[in-house]
Amino acid sequence: MSAKILEVKNLKKYFPLKTNLLGREKEFVKAVDGIDFHINYGEILGLVGESGCGKSTTGRTVLRLLEPTEGRIIFEGQDITHLKKNKLRSVYKHMQLVFQDPFASLNPRKKVGNAIDEVLYVHGMKDEAQRRETVRELFDMVGLRGEEDKYPHEFSGGQRQRVVIARALAVNPKLIICDEPVSALDVSIQAQIINLLVSLKNRLGLSYLFISHDLRVVKYMSDRVAVMYLGRIVEIAPADELFKNPAHPYSRALLSVVSVLGSGKNKKKIILEGEVPNPVNPPSGCRFRTRCKYATGQCSEIEPQFKCIGNGHFVSCHLY
Ligand SMILES: Nc1ncnc2c1ncn2[C@@H]1O[C@H](COP(=O)(O)OP(=O)(O)OP(=O)(O)O)[C@@H](O)[C@H]1O
Ligand SMILES: [Mg+2]
């Protein structure tokens with residue numbers, strides 16, 4: 001088997017906008033516009049970028065919660081891009097989503113233990129005693145021993161996210177897409193959930209696609225990090241390397257915030273000028289050129305290819 005649990009090739013997700021006044025020409029929000037990446041078994045790949053750059057769309061399309069417009073999604077060597085809905089259950093046994101708002105993802109009228117019991121049943125565990133035991137073990141694993149008979153509203157936000165994590169783990173997944181899993185939680189609780197995710201990952205040999213605004217958390221958690229800008233990945237590198245030597249002008253600006261907060265060295269926060277362009281009509285050539293102080297003529301004409309500039313360090317920029 002390949003070392004890659006997930007491989008994404010030239011993935012695109014366009015959302016159609018309404019037709020114009022004449023009823024012609026549909027326009028599209030190019031939320032994800034041709035991205036390639038992979039995740040190795042046991043690896044955490046961080047995904048960062050400004051709001052609206054396409055991180056959640058990437059996660060949801062990989063899970064086939066959104067239909068891809070183009071490209072390929074290969075999970076454990078199987079091309080799942082066009083897998084029929086009724087065949088996706090076998091994929092969801094191994095790939096799960098944990099997202100920002102745990103309250104929205106739990107049924108308020110169902111005891112949390114029963115909700116997980118149902119997941120186990122649907123995924124083939126027909127023996128009731130076995131299910132009860134498994135639910136008990138799952139609650140134990142996420143630090144909620146004996147709490148399975150409560151309703152979602154009886155928990156705090158952090159505890160609810162633990163319930164959601166337990167439910168994701170119920171099917172014995174190998175890859176979890178974590179989309180801002182701690183953003184909605186109190187800062188004091190965030191570290192506990194992050195540590196839980198790390199310890200579960202190590203204990204169960206999981207892989208994560210870890211989407212987050214919080215660059216310090218991404219730096220702490222990730223083995224490698226991909227930086228997204230306007231539907232594209234502009235740089236991908238091992239986490240240490242990326243945070244030490246960000247190469248793309250966009251990554252440098254984005255990550256400068258962390259170096260300022262972190263080491264206290266004489267680094268300056270780089271302020272990005274200008275607005276994020278509209279993803280309906282992204283700039284020609286390099287998408288970042290309208291905000292890049294290094295942009296030259298070729299940046300508007302030629303789209304930069306990905307280049308390897310070091311061990312596992314790839315960047316798409318004409319400076320290299
Ligand atoms: N269902 C949809 N229909 C139309 N446009 C959408 C839809 N979902 C997302 N978009 C657009 O796609 C782009 C990418 O959105 P996405 O939610 O993936 O960004 P994000 O990087 O996750 O942002 P954030 O950091 O705020 O969560 C945005 O321009 C957004 O407005
Ligand atoms: Mg998002």
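Which residues in α3 meet which residues in α5? I found Val112, Ile116 and Val119 in α3 meeting Val163, Ala166 and Arg167 in α5, where contact means heavy atoms within 4.5 Å. Helices here are DSSP runs (H or I, at least four residues), as are strands (E, at least two), numbered from the N terminus.

A note on ground rules before I go on. This is a predicted model, where local features need pLDDT of at least 70 and side-chain atom pairs count only at pLDDT 80 or more, while totals for chains, interfaces and linings use all residues. Residues are numbered from 1 along each chain as its sequence is written, chains are lettered from A and ligands numbered from 1 in the order in which they are written, and side-chain values use heavy atoms, with hydrogens and water left out.

Entry: α3 with α5.
I looked up the geometry of this pair next. The axes of α3 and α5 come within 9 Å and cross at roughly 20 degrees; axes are lines fitted to C-alpha atoms, for helices over the stretch in contact, and angles run from 0 to 180 degrees between N-to-C directions. The two helices are therefore roughly parallel to each other (under 35 degrees counts as roughly parallel, over 145 as roughly antiparallel, 65 to 115 as roughly perpendicular and the rest as oblique). The crossing of α3 and α5 is right-handed, meaning that the near helix is turned clockwise from the far one by less than a right angle. By class I noted five nonpolar, no polar and one charged residues in the contact of α3 with α5. Here Ala, Val, Leu, Ile, Met, Phe, Trp, Tyr, Cys and Pro count as nonpolar, Asp, Glu, Lys and Arg as charged, and the others, Gly among them, as polar.

Entry: α5 with α6.
I then followed α5 (residues 157-169) to α6 (residues 187-204): their axes come within 10 Å and cross at roughly 20 degrees. That makes α5 roughly parallel to α6. The α5 side of the contact is Gly158, Gln161, Arg162, Ile165 and Leu169, and α6 brings Ile189, Gln192, Ile193, Leu196, Leu197, Leu200 and Leu204. I sorted the residues of the contact of α5 with α6 into eight nonpolar, three polar and one charged.

Entry: α3 with α4.
Is this pair parallel or oblique? The axes of α3 (residues 112-122) and α4 (residues 128-141) come within 10 Å and cross at roughly 120 degrees. That makes α3 oblique to α4.

Entry: Leu97.
I placed Leu97 in strand β6 (residues 95-99). Leu97 and Ile165 are 68 residues apart in sequence and 8.9 Å apart in space, C-alpha to C-alpha.

Entry: ligand 1.
I listed 13 residues that surround ligand 1, each with a heavy atom within 4 Å of the ligand. The closest are Ser51, Gly52, Lys55, Ser56 and Thr57. A polar side-chain atom of Lys55 lies 2.7 Å from an oxygen atom of ligand 1, and one of Thr57 lies 2.5 Å from an oxygen atom of ligand 1.

Notes. A polar contact is a pair of N or O atoms within 3.5 Å; within protein, one must be able to donate a hydrogen and the other to accept it, and residues adjacent in sequence count only if both atoms are side-chain atoms.
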